[in-house]
Amino acid sequence: MNRTGSFLAILIIATVPALAQWLNVPTKGIPRTEDGKPDLSAPAPRLSDGRPDLAGIWEPREGGKYAKDIVADLKPEGVPYQPWAKALFDSRVDGTHGREDPTASCLPEGVPKVNASPYPWKIVQTPGFLVIVYEVFSLWRQIFLDGRELVPDANPAWLGYSTGKWEANTLVVDTRGFNGKASLDQLGRPTTDSLHVIERFHRKDFGHMNLQITIDDPKAYTKPWTVSEEVILRPETELLEFICNENEKDVKHLAGK
């Protein structure tokens, strides 16, 4: 199966083949070990202004673990559901509503689930904004660093609207303006249009970055709650095209309406 196959099927397999489309990728500035391999434990790079350089192609260290279950590392009581949200999640968790998941119809992953998808994503960093290009579904986000504020009646979006600021060596990203249609994970933890996501990107060395994610959705959860994930750098490669509806044959086999 290639990386443009069914997203849901890939999550079940929980692995992604190592595919490439370029030879002799001329990636400059990569620290290397004595045997010439990228040194992922080298110090994190910095830009000329002293800010951490987050640019590069990243992928979840745990594959699709957190895309399937965002709270895989928490105790069950760690998710403070509103009663209706717990009831909805309980009805979804056995997979009998799999066909109703937006991703089954090639609709976008939401935030933060898109970062945990078992596909790489690329950060392009400039002084005023960052762009994250996701291989999965060929999605993209902009994270603005210029202090702008979201208008109260912003058009509801699958990935919301993101602004960011630096706190020492950590980029803190604030995202609002969601449409409430996406789930937090494949098991079906719900969101609403009140969702507010805070992501903290901390590149701890050349090849490893920590993501701390706070979910604040008062319509679905009684208080904010936080999870942590790690992504690893994939040097000397590039993203592949991902056309979700190409040769789609899986939805008819999923349970649900």
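Reply: Rings of Phe, Tyr and Trp (its six-membered ring) pair if their centres lie within 6.5 Å; planes under 30 degrees apart count as stacked, over 60 as edge-to-face and the rest as tilted. This is a predicted model, in which local features need pLDDT of at least 70 and side-chain atom pairs count only at pLDDT 80 or more, while totals for chains, interfaces and linings use all residues. Residues are numbered from 1 along each chain as its sequence is written, and side-chain values use heavy atoms, with hydrogens and water left out.

Me: Which residues form one aromatic cluster with Phe89?

Reply: A search of the whole structure gives seven aromatic pairs. In one of them, Tyr81 and Tyr221 have ring centres 5.8 Å apart and planes at 40 degrees, so this pair is tilted. The cluster that includes Phe89 also holds Tyr81, Tyr221 and Trp225.

Me: How many residues apart are Tyr81 and Tyr221?

Reply: Helices (H or I, at least four residues) and strands (E, at least two) are DSSP runs, numbered from the N terminus. Tyr81 is in the loop between helix H2 (65-68) and helix H3 (83-92), and Tyr221 is in the loop between strand E8 (208-216) and strand E9 (225-233). Both Tyr81 and Tyr221 are buried, where buried means under 20% relative accessible area, exposed over 50% and partly exposed in between (1.4 Å probe, protein chains only). The pair links distant parts of the chain, and the separation is 140 residues.

Me: At what distance from the ring centre of Phe144 does Arg148 lie?

Reply: A charge sits over a ring if NZ of Lys or CZ of Arg is within 6 Å of the ring centre and within 35 degrees of the ring normal. The charged end of Arg203 sits over the ring of Phe206, 5.1 Å from its centre. Arg148 lies over the face of Phe144, and the distance is 3.7 Å.

Me: Which strand supplies the largest share of the lining of the second largest pocket?

Reply: On a 1 Å grid over the protein atoms alone, a cavity is a set of points where a 1.4 Å probe fits but cannot get out, and a pocket is an open set with protein on both sides within 12 Å along at least five of seven lines; lining residues have an atom within 4 Å of a point. Grid points are joined across faces, edges and corners, and a volume is the space filled by probe spheres set on the points. The second largest pocket has a volume of about 330 Å³, and of its 22 lining residues the closest to the centre are Thr27, Ala55, Gly56, Ile57 and Leu233. The largest share of this lining, three residues, comes from E2.

Me: What is the volume of the second largest cavity?

Reply: The structure holds three cavities of 30 Å³ or more. Residues lining the second largest cavity include Trp158, Phe178, Lys181 and Leu195. The volume of this cavity is about 50 Å³.

Me: What is the bridge partner of Trp58 in E2?

Reply: Two strands pair if DSSP finds at least two bridges between them. E1 joins E9 through three bridges in the antiparallel sense, with Glu59 opposite Ile232. E1 and E2 are also antiparallel, over three bridges. In E2, the partner of Trp58 is Trp121.

Me: How many bridges pair E7 with E8?

Reply: Strand E6 (residues 170-176) and strand E7 (residues 196-205) run antiparallel and are joined by five bridges, and Val172 has Arg200 as its partner in E7. A hairpin through two residues joins E7 to E8, and Val197 is bridged to Ile215 in E8. E7 and E8 pair in the antiparallel sense, and the number of bridges is nine.

Me: Is Asp153 buried or exposed?

Reply: Asp153 lies in the loop between strand E4 (140-144) and strand E5 (161-167). Its C-alpha atom is 8.5 Å from that of Gly177, 24 residues apart along the chain. With a relative accessible area of 65%, Asp153 is exposed.
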